[in-house]
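Have the sequence and the model side by side while reading.

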Amino acid sequence: MFERFTKDARAVVKGAVEQAEEAGARYVGADHLLLALIDREGSRGSFALAALGLAERRDSVRAAVGEARRRAGLTQAETDALAGLGIDVTEIVARVEDVHGPGAMSRDERNAGRWRSGHRPFTREAKDALTGALRAATDRHDRHIGDEHLLLALTVRPGVPAEVLADHGVTYESLTRVLYGDGEAKAG
């Protein structure tokens, strides 16, 4: 599958690994793929994100991903569902952080001691996003897998990346409209 990845898609995967390393994470997650995607410039995916106004809101995306990490990767929808059951995730996070320090519930391994450099495996969610990118390319009859396909895959898979993107106005529908047109400008 990776032989079909474009230079831009490969750069996103490498960028996700770097994002995980910078965070001190033991694994590369789908959230790292999202952060790597928003850092890209000059690609189809970055064009689509800019056209949807996300380029100016990178800090907001980073903050939303950071908040989800603090909640142990729970989406806001999951947090709201738990609140409906009488479970206050914000209170739980606050109590855990009081005892164990800030970010104790995140997957940031700096809180658990030093993590040595080296190979970081991809989480199931990240692997699913890569497989979803292949599916998106196949559905479009594209011979390559570009960063735009990775982006499309993140919008359809339930989880933090899809929720953060949707909260910032980036959905599968809006991306396909920008990338492939419907009488509108298309990403080059």
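In H1, the buried residues are Asp8, Ala9, Val12, Val13, Gly15, Ala16, Gln19, Ala20 and Ala23. They lie on the same side of H1, because they cover an arc of only 160° around the axis, the arc being that of the directions from the helix axis to the C-beta atoms. Buried means under 20% relative accessible area, exposed over 50%, and partly exposed in between, with a 1.4 Å probe and protein chains only. Lys7, Lys14 and Glu22 are exposed on the other side of H1.

This is a predicted model, in which local features need pLDDT of at least 70 and side-chain atom pairs count only at pLDDT 80 or more, while totals for chains, interfaces and linings use all residues. Residues are numbered from 1 along each chain as its sequence is written, and side-chain values use heavy atoms, with hydrogens and water left out.

Helices (H or I, at least four residues) and strands (E, at least two) are DSSP runs, numbered from the N terminus. Helix H1 covers residues 7–23, and at 1.5 Å a residue its 17 residues should span 24 Å, which agrees with the 24 Å between its end C-alpha atoms. The expected span is 1.5 Å times one less than the number of residues in the helix. After H1 comes Gly24, with a positive phi near 75°.

What do the buried residues of H1 pack against? Their partners are helix H2 (30–39), helix H4 (58–70), H7 and H8. Contact here means heavy atoms within 4.5 Å.

Asp147 is buried, with a relative accessible area of 1%. Leaving out residues up to four places away in sequence, Asp147 touches Thr6, Asp8, Ala9, Val12, Leu37, Ser43, Arg44, Gly45 and Ser46. Arg40 is 107 residues from Asp147 along the chain, yet their C-alpha atoms are separated by 9.1 Å.

The loop between H7 and H8 holds His141. Is His141 buried or exposed? It counts as exposed, because its relative accessibility is 72%. The phi of His141 is positive, near 60°. Most residues other than glycine have a negative phi.

H7 and H8 also meet at a pocket. Helix H7 (124–139) and helix H8 (147–156) each supply at least two residues of the lining of the second largest pocket, and H7 gives the largest share, 6 residues. A pocket is found on a 1 Å grid over the protein atoms alone, as an open set of points where a 1.4 Å probe fits, with protein on both sides within 12 Å along at least five of seven lines; lining residues have an atom within 4 Å of a point. The lining consists of Asp128, Ala129, Gly132, Arg135, Ala136, Asp139, Leu152, Ala153, Val156, Arg157 and Tyr172. By class, that lining has 6 nonpolar, 1 polar and 4 charged residues. The space in this pocket is about 150 Å³.

Elsewhere, Thr79 is found in helix H5 (residues 76–84). Thr79 counts as buried, because its relative accessibility is 8%. Thr79 and Ala68 are 11 residues apart in sequence, and their C-alpha atoms are 9.7 Å apart in space.

Finally, the chain as a whole. It has 10 helices and 0 strands. Of the 188 residues in the protein chain, 44% are buried. Among contacts with a separation of 6 or more, 64% are between residues 24 or more positions apart.

Methods: Points joined across faces, edges and corners; volume = space filled by probe spheres on them. Nonpolar A, V, L, I, M, F, W, Y, C, P; charged D, E, K, R; others polar.
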